[in-house]
Structures are given as structure tokens and as C-alpha cells.
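The tour goes from one selection to the next and says what is found at each.

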Amino acid sequence: MVLKKSLKVMMASALSLGLLAGCGGESGGSGSGGKVIKIATQTPLSGGSATLGESIKLGAQLALEENKKKFEKLGFKLQLVPYDDQADPKKGVSNANQLGADTAVMAVVGHLNSGVSIPSSEVYEKYNVAMVSPANTATDVTDRGLKTVNRIVARDDFQGPAGADFAIKTIGAKKIFLVQDKTAYGQGLADAFKKAAEEGGAEILGYEGITVGETDFNGVLNQVVAKKPDLVFFGGLYTEGALLIKQAREKGIDIPFMGGDGLDSSTMVEIAGESVKNVYYTSVAADANKSPEGQKFASKYKEKFNKTIESYSAYGYDSMSVVLDGLEAAIEANDGKLPERKAVAEHIRKIQDFQGVVTKVGFDDKGDNKYAKVYIYKFDEAKYPGKQEGEISK
């Protein structure tokens, strides 16, 4: 009986691992529609960042499904392989090794979190798996010179100074208190903002760190009360940001708050409620509803998933579209045969003038998008998205 029970456990575990990996089959394996080509997504599909993580996955899914017939005519069957990185670097690396080992996976759309992307992309480079990020802003994502790593959004050394300039010149901030969440993204953005704000003549009254998952911010907010700044800048994501702002308002801190694209989420409003008023945020994501193509995308997204688009929904779509454009070029260059991963990565990096739904894409030699912009938004009411206050090009 013990032996039978152990056997059942082993079989169940093997089945579970297979399902979690989402990786059945080898490169060139047959399936209805031709040889299987898998494109992975790596984003948080559970936990505090799941709202944005799922939106990237769904945007990418929509783009892939729209291109299936085109690739079937070329003799290939596209499959989406979604991975949940849980906003955890260790999980991201573990997933990266799994998808790297599945030779049918040609590229990955992801990540949301720069702190997950940086170590995971080292694995992609090892396996020659191309990565196109719809959301990563930390400078180290591309500054390491990896040949497989690309992003379609602006960097923190562009976003941070853009926010600081707006804070000083438009909001009129002269004394600023900074809070960051100690992640690669949050600290990187706060550091870039701090440097630009000091150069712009603002006085930095405090620079404190919180921990992701923390829910009580009385300690840091008591410092804010004591220092009396005219603006608080937060480098981090919407879960902690919304709680920080809500607790600040409860303490009577009614000055403007500002943050980065990590606050660009409908869940930010859900958590903060009316406290979200007078909060500014920079974002590397355009408001898709401001263009005809974006409106068309939002309508398709709503019809397909019964969900309203988030900040990175269209960027997930555009990232997948860029991946498939490079993949198609690699297939054509290989006389219609299945290309090697390295060739796919090379053709993605060569992309120069791809027009997406919300952004034009042209990669430089590091994998940064030369057309990326930064947008300034403000919450005047408890409604997402905020009102666009500015658009900044390089």
C-alpha cells in the first residue's frame, strides 16, 4: 500500500510539473498547423502585481492569436506559453531555465519587474532566447549589453528626470521627500529623480526605503510630517504606493504625491480611493484611448477578455507584435525553414521602424527603443486612468 501510494504521488508530481512548465514538445515537433513555435510570457499572474502582469499576458495573447493564420501559411503553429514569475527574481530565473530548456520556445515577452528581468535575462542570453520587455525601465536591463534583451519603453534615466523637471517647473516643488521600495525599479527610479531634482534646485529633505509587502507606513510618514515637504515622490509599485498615499491622507498630509509608471494601474485607484486625488505619476505607457488605433485595440481587448485595458495591455500587444515580426523575418531569411534562436534574436534587434498600436519601435545597439516617450498624468478624481498633463520625447 505504501508503494502504491508513493507511485501515485510520483505520477501526480510528474503530471503537475509538466502542466506548470507548459512545455510539451520539441522544436520542429508536429502539430495541427505545422511545426510548433512557442512564444513565452513572463509576468506576475498572482500576488500584488498581478493586475499589470495579467494585462501584459493578455495583450501578448491577443497579438499572437491574430497572427496564427499568417504563420500557419508559413508552415508553423504558434503557441503561447504563459509563465507566472510572481514578481520574484528566483521564480523568474527558475521559469527562464524551464523555457530555455524547451527548444520550441523562440522568444519571451516580459517582464513587468526590472528586478525579475535582470537575473532572468542572463538565462535568456545563455540560451539565445530573445526577450522583448513591455515594461522594464531600470537602466541595467539593457546597459549590460546582452544581445537578446530589448525593451519598447523608456528608461529610468529618462523617466526620472522628466518627472523631476515637471515637479519643479510645473507643480512648483522646492522641498521634496523621497520614498522607494528597495527594488531595482523603485530605487533606480528614485535615484534618477533625486539626482535631477537636486540639479534643478530642489532640496531633498529625506530619502527612505520601505519593503515590498509592507502595509504600515507610519514610521516613514511621521518623518514626512516632521520634515514638512511640499511634495513626496514614491519609487515603487501601486500596492504599496496606494497604501502609503491613503495612510498619508489619513494623517492630514494633503500635499501632492508623485510616482512613476508603477502607479499606473486601475488597482491603484481601487486601493487608494478618494485619497488618490492630487497624485501625479510619470509613465512610460501612453493612454491607448487617445488614438484611433489604440481605441480599436481597447475595443478588441474588451470583447475578447471582458476586461478594460490597463497601462501595459497595449505594450504587451506591441511587444508580441515585434517578436513575431522578427520571427517572420528570420523564417524568410532561412528559406522558410525553422530558424535558430540566435537568428530570431538578431532579426528582432534589427527592427528599426515598426509601428505598433501605442508606440513606434526601433532598437539601438543595446536594445533600447529610440522612439520611447514619457507621459505625465494626474489623478483629479478616483478614476483610472489619470488625466494626461504632458508628453515628453527624447
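**Aromatic residues of a helix**

Helices here are DSSP runs (H or I, at least four residues), as strands are (E, at least two), numbered from the N terminus. Residues are numbered from 1 along each chain as its sequence is written. The model is predicted, so local features need pLDDT of at least 70 and side-chain atom pairs count only at pLDDT 80 or more, while totals for chains, interfaces and linings use all residues; side-chain values use heavy atoms, with hydrogens and water left out.

F297 and Y301 are both buried (under 20% relative accessible area; exposed is over 50% and partly exposed in between, with a 1.4 Å probe and protein chains only). Y301 and F305 are both buried.

Now show the rings. Over the whole structure, a search finds eight aromatic pairs. A pair means rings of Phe, Tyr or Trp (its six-membered ring) with centres within 6.5 Å; planes under 30 degrees apart are stacked, over 60 edge-to-face, and the rest tilted. The ring centres of F297 and Y301 are 5.7 Å apart with the planes at 50°, so this pair is tilted. For Y301 and F305 the centres are 5.2 Å apart and the planes at 70°, so the pair is edge-to-face.

**The largest pocket**

Move to the largest pocket, with a volume of about 340 Å³. A pocket is an open set of points on a 1 Å grid over the protein atoms alone, with protein on both sides within 12 Å along at least five of seven lines; a 1.4 Å probe is used, and lining residues have an atom within 4 Å of a point. Volume is the space filled by probe spheres set on the points, which are joined across faces, edges and corners.

Select S49, A87, N113, T183 and L237, the closest to the centre among the 25 lining residues. Then colour α4 (114-127), α7 (184-199) and α9 (238-250), each of which supplies at least two lining residues. Which helix gives the most to this lining? α4 does, with three residues.

**The second largest pocket**

Finish at the second largest pocket, of about 290 Å³. Of its 19 lining residues, A286, V358, K373, Y375 and E391 are the closest to the centre.
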